[in-house]
Amino acid sequence: MEAGLNSDIKVIDREFHVQTEDWGWENPFIVTKIFSQGAVLKSYKTPYQELLQSTFPSEQSIRTAIERQHKEILDRLISGHI
């Protein structure tokens, strides 16, 4: 399993924690959760096959997919599209 990413951001006057993690080969998903005040506000669960070009992706391609999904969710949150 690849390590995940965590970001704390403030949008307007509200603080959010965004966490993205790889659930590993046995459960091949990359999951991003948005928290505020300890509660999960939204969760995104994307299967490997939607994010990766190969049926046998490398650790680097999984890491890149984690980073891409994390950044996309942060961008959506900041722009008000979540």
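Buried means under 20% relative accessible area, exposed over 50%, and partly exposed in between, with a 1.4 Å probe and protein chains only. The model is predicted, so local features need pLDDT of at least 70 and side-chain atom pairs count only at pLDDT 80 or more, while totals for chains, interfaces and linings use all residues. Residues are numbered from 1 along each chain as its sequence is written, and side-chain values use heavy atoms, with hydrogens and water left out.

Four strands form an open sheet in the order 1-2-3-4, with antiparallel pairing. Strands here are DSSP runs of E, at least two residues long; helices are runs of H or I, at least four; both are numbered from the N terminus. Two strands pair if DSSP finds at least two bridges between them. Strand 1 and strand 4 are the edge strands, and each pairs on one side only. Neighbouring strands are turned by 15 degrees against each other on average, direction ignored. Axes are lines fitted to C-alpha atoms, for helices over the stretch in contact, and angles run from 0 to 180 degrees between N-to-C directions.

Strand 3 (residues 29–36) and strand 4 run antiparallel and are joined by eight bridges. Phe-35 has Val-40 in strand 4 as its bridge partner. Helix 2 packs on the sheet and touches strand 1, strand 2, strand 3 and strand 4. Its direction makes about 10 degrees with that of strand 1.

Next comes the interior. A nonpolar core is a set of buried Ala, Val, Leu, Ile, Met, Phe, Trp, Tyr and Cys residues joined through side-chain atoms within 4.5 Å. The largest such core has nine residues: Ile-9, Val-11, Phe-16, Val-18, Ile-34, Tyr-44, Ile-73, Leu-74 and Leu-77. Helix 2 gives the largest share, three residues. A second, separate core holds seven residues, including Leu-51, Leu-52, Ala-65 and Ile-66.

Contact means heavy atoms within 4.5 Å. Leaving aside neighbours within four places in sequence, Ile-73 is in contact with Val-18, Thr-32, Ile-34, Tyr-44 and Ile-82.

Polar side chains come next. A polar contact is a pair of N or O atoms within 3.5 Å; within protein, one must be able to donate a hydrogen and the other to accept it, and residues adjacent in sequence count only if both atoms are side-chain atoms. Thr-32 lies in strand 3 and counts as buried because its relative accessibility is 0%. Its side chain makes a polar contact of 2.8 Å with the side chain of Thr-20. Another, of 2.9 Å, joins the side chains of Thr-32 and Gln-69. Thr-46 sits in strand 4 (residues 39–47) and is buried at 13%. The side chain of Thr-46 also makes a polar contact with that of Gln-69, at 2.9 Å.

Finally, the aromatic rings. Rings of Phe, Tyr and Trp (its six-membered ring) pair if their centres lie within 6.5 Å; planes under 30 degrees apart count as stacked, over 60 as edge-to-face and the rest as tilted. The whole structure has two aromatic pairs. Trp-23 and Phe-29 are edge-to-face, 6.5 Å centre to centre, with 70 degrees between the planes. Trp-23 is partly exposed, at 27% relative accessibility. Trp-25 and Tyr-48 have ring centres 5.5 Å apart and planes at 85 degrees, so this pair is edge-to-face. The pair links distant parts of the chain, 23 residues apart: Trp-25 in the loop between strand 2 and strand 3, Tyr-48 in helix 1 (residues 48–51).
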